[in-house]
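Subject: Structure handover, salt bridges

Hi,

Here is the structure for your review. My notes on the charged pairs follow below it.

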Amino acid sequence: MDSIEIGLIVSGGLLLMVILGMRVAFAAGLAGMIGLIWIFWAKKGYDPEDFGWALTVAVKTAGQVPHSKVSSQALSLIPTFILIGYLAYYAGLTKALFTAAKRWIAWVPGGLAVATVFATAGFAAVSGASIATSAVFARIAIPEMIETGYNKKFAAGVVAAGGTLASLIPPSTILVIYAIIVEQDVGKLLLAGFLPGMFSAVVYALLIIGLSVSIKGFGPAVGGFSWKERFEALPPAAPILVVVLTIVLFVYNPFGGEAWGTPTEGGAIGAFVVFLMAAYKGMRWGEFRDALLETAKLSVMIFTIIWGVLIYVRFLGFADLPGAFADWLTSLTMSPMLILVCILLAYAVLGMFMDAIGMLLLTLPVVYPAVMALNGGEGVSAADATFGMSGPMCAVWFGILVVKMAEFCLITPPIGLNCFVVAGVREDLSVQDVFKGVTPFFIADAITIALLVAFPMIVLWLPMQA
């Protein structure tokens with residue numbers, strides 16, 4: 001049995017463990033260890049006397065993963081981005097954002113729902129966690145929408161779908177994880193997520209307006225706000241802009257030349273700025289402690305998944321499964337663009353059974369090299385590339401596409417995590433209610449993904465300026 005066959009068997013076992021309910025981190029770590037032992041023992045001809053040697057080498061190989069990845073500077077972005085989101089809640093930025101959006105936008109058909117979408121997009125600009133965004137706005141926006149006359153299922157769906165925007169709009173935890181796995185520039189990926197994230201919000205808003213216009217009483221407009229009230233709502237929400245500019249300016253110098261700092265430094269300074277705002281707004285010690293504890297819990301969960309999956313990734317490298325998969329894809333007679341679409345559809349199906357982070361971590365080590373090979377390789381120029389973009393730009397474009405698919409999976413049954421979060425916050429809503437309410441947004445996401453595939457410059461324009 002050769003290494004490719006071993007890789008396929010172990011990967012099948014991993015998929016089975018995940019389907020049976022084992023946590024991705026532990027399933028991946030276990031599969032990776034078994035695979036490493038098997039690979040090394042196979043090299044010795046399965047001699048019983050060499051099993052101890054294979055076990056020792058496998059343990060040493062796997063044991064290098066946690067330290068080598070925790071010492072990565074890019075990984076330190078994750079806790080700072082999560083902390084920004086929790087501190088922003090205690091600084092009152094979420095309520096201020098929703099109030100400003102409501103006073104400026106609620107007059108259009110479906111205005112309160114549209115305001116919720118843009119408020120979640122604004123909060124996403126200071127929070128890297130979709131779960132936190134959904135939980136916060138489930139408390140703020142759903143009661144007002146229900147009171148105005150919205151169907152409570154649709155109101156819950158708006159919040160669950162709006163929360164997914166945090167996956168794309170920087171700072172984004174998932175984009176950082178993608179950059180670490182495929183070893184690409186974090187700064188360019190964060191920049192690339194901004195326009196597609198806002199584009200997604202606009203598509204959501206147009207969907208809501210269309211439904212409200214075509215269905216009587218679906219989404220009543222809310223008026224009565226004077227221009228004075230509208231302008232008074234802007235200053236409390238303005239700190240969001242300060243935080244966003246702080247992070248972006250450290251990633252991308254708009255005046256030309258070298259960046260002012262690294263994304264890690266930008267994230268740390270952004271967290272400090274939001275901390276000062278929260279302290280000024282009267283954040284108590286207990287609230288600060290809760291923000292730190294929740295940040296630590298979510299960070300540890302993400303780090304554990306990364307460690308477990310990277311042990312599996314180390315095994316894949318020895319099995320040479322990514323290279324074999326890339327060779328197989330490039331040998332197909334189908335159009336490369338059609339193959340890419342099939343890969344994205346496969347993500348949509350896989351996301352029904354796995355969480356977004358685990359799905360990307362498990363698939364990217366195999367899928368990413370294959371997509372790069374389809375385009376002509378990591379170092380290909382735009383003129384010679386299949387998709388009309390250089391290797392580094394293709395990596396950025398594909399990253400945004402798969403993260404958008406991860407957004408899609410946050411609201412698809414039966415795993416859709418955002419839907420579970422909204423239902424957990426609102427006792428009057430079941431998970432089934434939220435899934436029903438979020439259904440129209442599947443169409444919006446499908447349209448968005450199709451347009452991002454058809455018009456790559458929506459993704460690439462900002463990073464090409466850096």
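Searching the whole structure turns up eight salt bridges. Keep in mind that this is a predicted model. Here are the ones I would like to walk you through.

Start with helix H15, which spans residues 285–319. Lys297 and Glu294 both sit in it, three residues apart, or about one turn of the helix. Their side chains form a salt bridge, at 3.7 Å from N to O. How exposed are the two partners? Lys297 has a relative accessible area of 55%, so it counts as exposed, the cut-off being over 50%. Glu294 is at 33%, so it is partly exposed.

Next, helix H19, residues 391–409. Lys404 and Glu407 both lie there, again three residues apart, about one turn of the helix. Their side chains meet in a salt bridge at 2.8 Å, N to O. Buried or exposed, this pair? Both Lys404 and Glu407 are buried.

Then comes Asp428 with Arg426. These two form a salt bridge, and their closest N and O atoms are 3.0 Å apart. Asp428 is partly exposed, at 34% relative accessibility. Arg426 has a relative accessible area of 17%; buried means under 20%, so Arg426 is buried.

Last, a network. Which residues does it link? Salt bridges join Lys95, Lys102 and Glu144.

Best regards

Key:
Residues are numbered from 1 along each chain as its sequence is written. This is a predicted model: local features need pLDDT of at least 70, side-chain atom pairs count only at pLDDT 80 or more; totals for chains, interfaces and linings use all residues. Side-chain values use heavy atoms; hydrogens and water are left out. A salt bridge is a side-chain nitrogen of Lys or Arg within 4 Å of a carboxyl oxygen of Asp or Glu. Helices (H or I, at least four residues) and strands (E, at least two) are DSSP runs, numbered from the N terminus. Buried means under 20% relative accessible area, exposed over 50%, partly exposed in between (1.4 Å probe, protein chains only).
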